[in-house]
Amino acid sequence: DPLGFCKGKDAVNFRKFRVAETKHGRVAMMASIGTVVSHSVKFPGLENVLAGLGALTTEAALPGIAALVVFSGFLELVLWK
């Protein structure tokens, strides 16, 4: 703990912080892969959606954004407890 966030904390809190850091690292790695892959791979039904941040401005992207939220929620709440 180089920044001293766990000073005065017990082992349970330290483990909680360690698990949270691992989860955030996994999410960051998935996001970086998704950023690179999104420019070359288009899912069926989403071919005409802009790549990158432009996708947030189109109505056609709503099903993809909803699927992303559901999938990431599943990972967070079920698999990565």
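How many nonpolar, polar and charged residues does the lining of the largest pocket have, by class? The lining has 21 nonpolar, 7 polar and 2 charged residues, where Ala, Val, Leu, Ile, Met, Phe, Trp, Tyr, Cys and Pro count as nonpolar, Asp, Glu, Lys and Arg as charged, and the others, Gly among them, as polar.

The model is predicted; local features need pLDDT of at least 70, side-chain atom pairs count only at pLDDT 80 or more, and totals for chains, interfaces and linings use all residues. Residues are numbered from 1 along each chain as its sequence is written, and side-chain values use heavy atoms, with hydrogens and water left out.

The protein chain contains 2 helices and 0 strands (DSSP runs numbered from the N terminus: helices H or I, at least four residues; strands E, at least two). The radius of gyration, taken over C-alpha atoms, is 17 Å, well over the 12 Å that the globule rule gives for 81 residues, so the chain is more spread out than a compact globule; the rule is 2.2 Å times the number of residues to the power 0.38. Buried residues (under 20% relative accessible area, 1.4 Å probe, protein chains only) make up 9% of the 81 residues.

His39 is located in the loop between helix H1 (11–37) and helix H2 (62–79). At 54% relative accessibility, His39 counts as exposed, the cut-off being over 50%. Contacts of His39 (heavy atoms within 4.5 Å) are with Ala51 and Gly52, not counting residues up to four places away in sequence. The C-alpha atoms of His39 and Glu59 lie 19 Å apart, with a sequence separation of 20 residues.
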